[in-house]
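Please look through the structure shown below before reading on.

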Amino acid sequence: MSDPSTTDAARRGFASYGPVEDWQADVCVIGGGAGGLAAAAAVAERGLKVIVLEAGSHWKPPEFVQDAAWAYRHIYTEQGARSAVGNAVIPVPGGKGVGGSTLINSAICFRTPEPVMRQWATDHGCHRMAPEAFSPHLDRVWQTLRVVINPVVFQRNNNLIFKRGADRLGLPGQWLARSAPGCVGCGVCYLGCPTGGKTSADRTFLPEAVDTGNCTVHADCRVAEVEAQGDRVVAVRGALVDPTTLDDVGVFTVRARAFVLAAGPVGTPKLLLGNGLADPATCGAWLYLHPATGMLARFPEEIRPWNGVTQGYYVDRWERGYLLQTYTASPDQTYTGMPYSLGEDLLRAIADLRHMAMAGPLVHDEDSRGGVSLQGMTYFLGDGDRRRLLAGMRECAEVFFAAGATEVYPGIVGGRPVRSPGDVERAIPDTVAARKIYLYASHPMGTCRMGADREQSCVDPDGRVWGLANLYVADASVFPTSLGVNPQVTTMAVGLVVGGVVAEAG
Ligand SMILES: Cc1cc2nc3c(=O)[nH]c(=O)nc-3n(C[C@H](O)[C@H](O)[C@H](O)COP(=O)(O)OP(=O)(O)OC[C@H]3O[C@@H](n4cnc5c(N)ncnc54)[C@H](O)[C@@H]3O)c2cc1C
């Protein structure tokens with residue numbers, strides 16, 4: 001398979017553009033992330049010419065700079081400042097560049113849980129997501145990403161210590177499957193994988209698309225306008241972006257027979273709403289986030305949490321509505337990511353980072369409510385989700401103590417370090433308000449929900465925007481509900497499904 005970063009004919013970027021560009025294809029995909037690149041592969045392999053337009057740049061692994069400030073500016077959407085506001089403020093990072101959020105994700109892979117597929121098919125009429133229909137696409141994603149469990153030698157202390165605690169408590173813990181067959185545990189997944197060990201979408205689905213001879217990817221192209229005539233989209237237009245200054249320096253137009261929006265669960269509804277192509281009652285109306293929190297635990301031995309697989313181990317509490325997952329980040333991301341409002345104790349803990357382990361719960365949204373509008377993102381953590389998050393925090397603290405922690409920092413504003421397992425219930429009570437919890441979310445979903453009922457969905461069961469004959473959505477926006485597990489595999493399978501429909505429609 002070719003490396004798209006070296007296949008210049010298929011790889012267009014800022015340096016190869018004039019001030020005004022006009023392009024034509026059978027199909028135009030807007031957004032080069034998990035869903036968009038899988039959709040492009042599905043279209044290209046059926047013989048149609050496809051252009052992928054991506055707002056960010058097309059990076060090669062050695063070009064990633066191991067520095068949070070560089071990464072936020074160049075490979076994070078909204079320069080890393082994207083957040084949702086409601087009864088709490090939640091950072092919601094997303095990736096930018098060919099590969100989308102897979103450029104900065106931890107590579108965790110889960111198949112879509114079977115009960116979720118059944119619910120989507122039965123309650124929402126998404127027959128293409130029924131287990132029998134969807135599973136072959138999940139199999140293909142698994143194979144294309146070359147999903148593995150990374151060797152223990154690369155997991156290192158942060159994962160091993162959590163496994164030790166979970167084993168001592170007899171909890172259902174497992175190594176996380178990851179799309180990182182070449183991972184060497186350098187711990188900087190969120191800054192772009194510098195070794196190419198991660199099989200992000202730009203290194204997997206894009207080469208599959210390019211190798212057909214039918215796909216070109218145009219980086220540094222931010223779509224703003226989607227022009228419809230009657231019930232058909234005829235063109236998209238936007239700005240050619242200078243990747244150094246981030247200034248708009250030219251314009252482009254793409255004409256095609258069909259268009260696929262894959263600008264992610266925030267970008268896609270904004271394009272639809274901004275161009276008056278969907279009803280705000282159903283577009284952007286449902287936002288799920290998998291609200292999560294990060295906890296630190298001090299150990300007598302050195303953990304050096306910046307070292308090793310970023311997210312290698314988890315405790316499966318899906319039945320209870322949450323997962324406990326380890327996580328690590330580079331020290332500069334840890335410093336910038338932890339809010340000062342958590343107080344002096346936590347800042348002192350971060351100063352002693354080499355003795356700290358990190359993990360936290362991620363919740364399957366059930367009663368939270370959120371949305372995306374042209375003004376931004378709102379999210380109100382529901383009472384049940386808040387309680388599940390706190391239950392996950394308590395269990396996470398127990399795992400840390402079982403592993404030998406001397407102190408646990410729960411990530412509650414004004415909270416004090418917990419010093420013994422007997423104090424966990426008192427220190428993390430069910431009464432903590434949402435605004436006092438350190439929340440974080442990197443899995444927006446559901447903002448252009450798929451469904452058979454036009455009043456309750458934004459796209460039909462083929463992924464076509466209601467009311468428009470040739471405009472589709474193929475990203476995590478279309479999930480009818482929250483998923484409960486990390487979403488990249490499901491998103492890519494959605495891309496394959498919708499891409500197949502688009503190609504068959506001609
Ligand atoms: C820090 C982080 C860690 C994560 N870890 C994991 C993990 O370990 N496992 C997992 O399963 N999931 C993980 N995820 C989530 C997963 O990566 C996403 O759910 C998935 O990539 C979503 O795919 P998508 O196609 O919907 O959007 P994206 O992959 O985000 O792609 C959208 C693309 O559209 C582009 N775009 C937006 N607007 C425009 C426009 N107007 N014009 C042109 N292009 C545009 C964006 O620049 C972006 O490249 C993580 C996410 C983040 C942010």
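Helices, in this account, are DSSP runs of H or I with at least four residues, and they are numbered from the N terminus. The model is a predicted one. Helix H10 covers residues 383-403. Directly after H10 comes Gly-404, whose phi is positive, near 110°. How far apart are the end C-alpha atoms of H10? They are 30 Å apart. This agrees with expectation, because 21 residues at 1.5 Å a residue should span 30 Å.

Nine residues from domain 1 and ten residues from domain 2 take part in the contact between them. On the side of domain 1 that touches domain 2, four residues are nonpolar, four are polar and one is charged.

E2 and E11, the latter comprising residues 248-255, run parallel and are joined by five bridges. Within this pair, Trp-23 stands opposite Val-254 of E11, and Gln-24 has Arg-255 of E11 as its bridge partner. Strand E10, residues 232-241, runs antiparallel to E11, and seven bridges join the two. Here Gly-238 stands opposite Phe-252 of E11. E10 and E11 also form a hairpin, with six residues between them. In the turn of that hairpin, Leu-246 has a positive phi of about 65°.

A further open sheet has four strands in the order E6-E5-E18-E17, again with mixed pairing. Its edges are E6 (89-91) and E17; as each has a single partner strand, one side of each is left without a neighbour in the sheet. The twist in this sheet averages 25° from one strand to the next. How do E17 and E18 run, and how many bridges join them? E17 (residues 369-373) and E18 (residues 376-380) run antiparallel, and five bridges join them. The link between E17 and E18 is a hairpin of two residues. Two pairs of residues may be located across these strands: Arg-369 has Phe-380 in E18 as its bridge partner, while Val-372 stands opposite Met-377 in E18.

Finally, we consider the ligand. How many residues surround the ligand? There are 43, and the closest are Gly-31, Gly-33, Gly-100, Gly-267 and Asp-475. The elements that give two or more residues to this shell are helix H1 (34-44), strand E9, helix H7 (264-274) and helix H12 (488-505). The largest share, four residues, comes from H7. By class, the shell contains 16 nonpolar, 23 polar and four charged residues.

Technical notes. Residues are numbered from 1 along each chain as its sequence is written. This is a predicted model: local features need pLDDT of at least 70, side-chain atom pairs count only at pLDDT 80 or more; totals for chains, interfaces and linings use all residues. Two strands pair if DSSP finds at least two bridges between them. A residue is near a molecule or strand if its C-beta atom, placed from the backbone, lies within 6 Å of it. Ala, Val, Leu, Ile, Met, Phe, Trp, Tyr, Cys and Pro count as nonpolar, Asp, Glu, Lys and Arg as charged, and the others, Gly among them, as polar. The expected span of a helix is 1.5 Å times one less than its number of residues. Axes are lines fitted to C-alpha atoms, for helices over the stretch in contact, and angles run from 0 to 180 degrees between N-to-C directions. Two residues are in contact if their C-beta atoms, placed from the backbone, lie within 7 Å.
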